[in-house]
Structures are given as C-alpha cells and as structure tokens.
Amino acid sequence: MDLTFSEEQDELRKVVRSFLTKHATEADVRRLAADPSGYDPVVWRRMATEIGLQGLAVPEKYGGSGFGYVDLGVVFEETGRALLCAPYFATVALAAETLLRCDDERARGDLLPGIASGETVATLALTEESGRWDEAAIRLTAHDEAGGWRLTGVKTYVLDGHLADLLLVAARTPSGVSLFAVESGAPGLARTPLPTLDQTRKQARVEFTNTPARLLGPEGAAWAALERTLAAASVLLAAEQVGGAVAALDAAVEYAKIREQYGRPIGSFQGIKHKCADMLVEIESARSAAYGGLWALDAGDEAETAISAALAQAFCSEAFTKVAGDNIQVHGGIGFTWEHPAHLYLKRAKSSEVLLGTPSYHRELLAARLGI
C-alpha cells in the first residue's frame, strides 16, 4: 500500500479546495440548507464543466475522466471539509457507482454521460421504512406487464430524492432483488421531502404506484452489485467524514489560540491541550481507515474492500461525531449558538453516522466478513 499522495493528487486537492473556498462558504452552506432544493444549480454545473468532479471516476468512454478511487477520495475529503451542499454524494458515490457495477453496458452508455456532464442529478433508492441497508429489507415490488416493468411500494430516506432526475431503484421480483431506472417525470411517482437533523443533506420519501421503470442488468441479480456499491460508498463517506473532522479540529485549535481566559490563551491550559490532542489522534486513526479503503478499491480487491469499508465506516462515523462534539466543548458557550458553525458539523456528523448503517451494523458486517 502506497501511503503517500502523488503530485497530481495534491494538485487536485488544491484545485478542489480553492473552488469550494469560493463557492461553499459558510454563508452558502446556511443559505442552501434553508433552500428546499438544497443546492445551487449554477455551482453544480461549474463543478462539472470547470473541474469535472461529477465525472472524475467515470471511465472516459462514458464521458468521464477515468481517475481512480484515491483521487475521488481526495475530492470527498474536501467536500466534507467544506460541508458542500449539493447532490454530489448521491450522484457520484451511490448512483454512478451502481451503474458502473451493474451488468448492463447499454445502461452505462445511456446514463453515465449525463451524470459526468453534470446534466443529470441521480440517486439510489434502496432503504425502506426499516431504514436497513441489507437485502432482506427490500420489499418494494416490481412486476412485468406487456408494456414493461412497473414498480409499486415506498422508498424512504432517499438522498436528494426530491430533486433527482434519475432514480436507481432496488426492487424485488420473482427472481430476487433487481435494479431499475426511473425518470423524474414517470407517472405514479410521488416524492416528499423529509425533515432532517442535518439540513445540509436533503432526504425524501418516494412512492411508486404502478410506476414504469427500466430493468438494469439481469432480473434478480442486482444484490451483488448493490453490495459492492455500498462498500465503495462507505469508503467515500469515510473520506468525507475525515474532511469534516479535520475542519472541526482546525476550528477548535484556532479558537484555542485566540480565546483568552485569566490573561492567557485557553490553548495553554492542559485540559484544552489534551482534548485537542485526543481529537488529532481520532482523526489520524480515521484517516488511516479511510485511506486504506480507498487503496483497496483502487487495487480491485473485493474481499479486502468489503473488510476495509466496514472498518472505515464503523470507525470514521464515531470519530467524526466525537471530534465535532469536542469542537463545541472547546468553544464553550458560543459553540452552542445557532450563529456559530460548530453545530453544522455536529449535525453532519450525526446524520452521516447512520447514513449507510450505524457503526454497530458495520461492526457486525466486519465480524461476518472476517469470519468471527
């Protein structure tokens, strides 16, 4: 495993950070968190046209740049640091990954170019009322009629499901779990935004009533591809969580340098020193877990990726929550106020902690994959 980034990856980080510093400021985050859509379409297009973020890891033959997962992890780390308000995780980590891993070359050719160009906002609709991310939890049904496949049922907690142009839907057919594509204007499709703790990341309840859908890949053979997608998404989410935790630590350290008490900076007090040091240890451990998963993805080792993904998500979820909470503690009273950005990171941390399954769920996955 190579534990260093290349010059190109370091430059990619600089470019992405510079872009987000201009277009994902705290004011932008607060404005878009209050906006029902949750993102700025102009910035979304610029992300695609100026620096190619949506198509970064999409192969060139589908209109992307063909970069690897370590490169993509760099981007997610920076979007987490900035609390980017955009359907980036849903479109890139979930939808594009699902298309790349499903056995349907024609669908990839039809659907991935729109994602890579920024024209298509996409998401994966997998979870239902139970909120679980496993195969047994999929109850939404699909039946084949003379005019094609139809979906009936409900998906909920769907990331950016209220605005997605394309929904990739996991449904149960007589042959097992299958994958379907549904366009935003399909008849029988109803989407309702959900209230969320983390207003920077929108979710929706999506109802299907005899909704026409396109089968992707062989019927009943989708779960293996979805499982690989969730492993990749877990690693990318871990990278995003590391970025958010780093931003929280930076804020805590900066405040500890300038806030004075009893005539001296509070950073000189042992209690604050120890708390910041503990935050750094959590981040470095989380960083190692996330980076290990990214390199496993690039190596193409599915067994190692499955293990690394569960490990990264179990650890990074809790690490981000702890660091974001400690940042508030370092700030004291002001850290609890609405005007201070500390609560934005804590809310993102808490929502991310359960986004793809709780840490306990991922520890169970890890144990099962290790055979213990």
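This is a predicted model: local features need pLDDT of at least 70, side-chain atom pairs count only at pLDDT 80 or more; totals for chains, interfaces and linings use all residues.
**Overall build**

The protein chain holds 11 helices and nine strands. A compact globule of 372 residues would have a radius of gyration near 21 Å, and the chain has 21 Å, so the two agree. Along the principal axes, the C-alpha atoms fill a box of roughly 80 × 45 × 40 Å.

How much of the chain counts as buried? The share is 56% of the 372 residues. The chain exposes about 15,500 Å². Carbon and sulfur atoms supply 54% of that area.

Among contacts with a separation of 6 or more, 75% join residues 24 or more positions apart.

Charges come next. The chain carries 36 positive and 49 negative charges. Their mean positions are 5 Å apart.

**The nonpolar core**

In soluble globular proteins, nonpolar side chains tend to be buried together. Here the largest nonpolar core has 119 residues. The residues with the most contacts inside this core are Phe76, Tyr88, Phe89, Leu126, Leu151, Leu168 and Leu226. Which helix gives the most to this core? Helix α7, spanning residues 223-258, contributes 20 residues.

Leu168 shows what such a contact list looks like. Leaving out residues up to four places away in sequence, Leu168 touches Ala95, Thr98, Leu99, Thr123, Leu124 and Ala125, among others. Its list also includes Leu179, Phe180, Ala181 and Leu216.

**Ala239 in helix α7**

Ala239 sits in helix α7. Is Ala239 buried or exposed? Its relative accessible area is 1%, under the 20% cut-off, so Ala239 counts as buried. Beyond residues up to four places away in sequence, Ala239 touches Gly73, Phe76, Glu77, Ala290 and Leu294. One of these partners, Phe76, is also among the residues with the most contacts inside the largest core. Leu294 is 55 residues from Ala239 in sequence. In space, the C-alpha atoms of Ala239 and Leu294 are 8.5 Å apart.

**Arg150 in strand β3**

Arg150 lies in strand β3. With 23% relative accessibility, Arg150 counts as partly exposed, because that class runs between the 20% and 50% cut-offs. Its contacts, without residues up to four places away in sequence, are Thr141, Ala142, His143, Glu145, Asn210, Thr211 and Pro212.

**Two loop residues with positive phi**

Asp160 has a phi near 55°, a positive value in a residue other than glycine. Asp160 is in the loop between β3 (148-159) and β4 (166-173). Tyr262 also shows a positive phi, about 55°, although it is not a glycine. Its place is the loop between β8 (260-261) and β9 (264-265).

Which of these residues counts as buried, and which as exposed? Asp160 is buried, with a relative accessible area of 8%. Tyr262 is exposed, at 73%.

| Residue | Relative accessible area | Class |
|---|---|---|
| Ala239 | 1% | buried |
| Asp160 | 8% | buried |
| Arg150 | 23% | partly exposed |
| Tyr262 | 73% | exposed |

Methods
Residues are numbered from 1 along each chain as its sequence is written. Side-chain values use heavy atoms; hydrogens and water are left out. Helices (H or I, at least four residues) and strands (E, at least two) are DSSP runs, numbered from the N terminus. The radius of gyration is taken over C-alpha atoms; the globule rule is 2.2 Å times the number of residues to the power 0.38. Buried means under 20% relative accessible area, exposed over 50%, partly exposed in between (1.4 Å probe, protein chains only). Contact means heavy atoms within 4.5 Å. Accessible areas come from the Shrake-Rupley method with a 1.4 Å probe; for residues, only the protein chains shown count as cover. Lys and Arg count as positive and Asp and Glu as negative; His and the chain ends are not counted. The place of a charge is taken as NZ of Lys, CZ of Arg, CG of Asp or CD of Glu. A nonpolar core is a set of buried Ala, Val, Leu, Ile, Met, Phe, Trp, Tyr and Cys residues joined through side-chain atoms within 4.5 Å.
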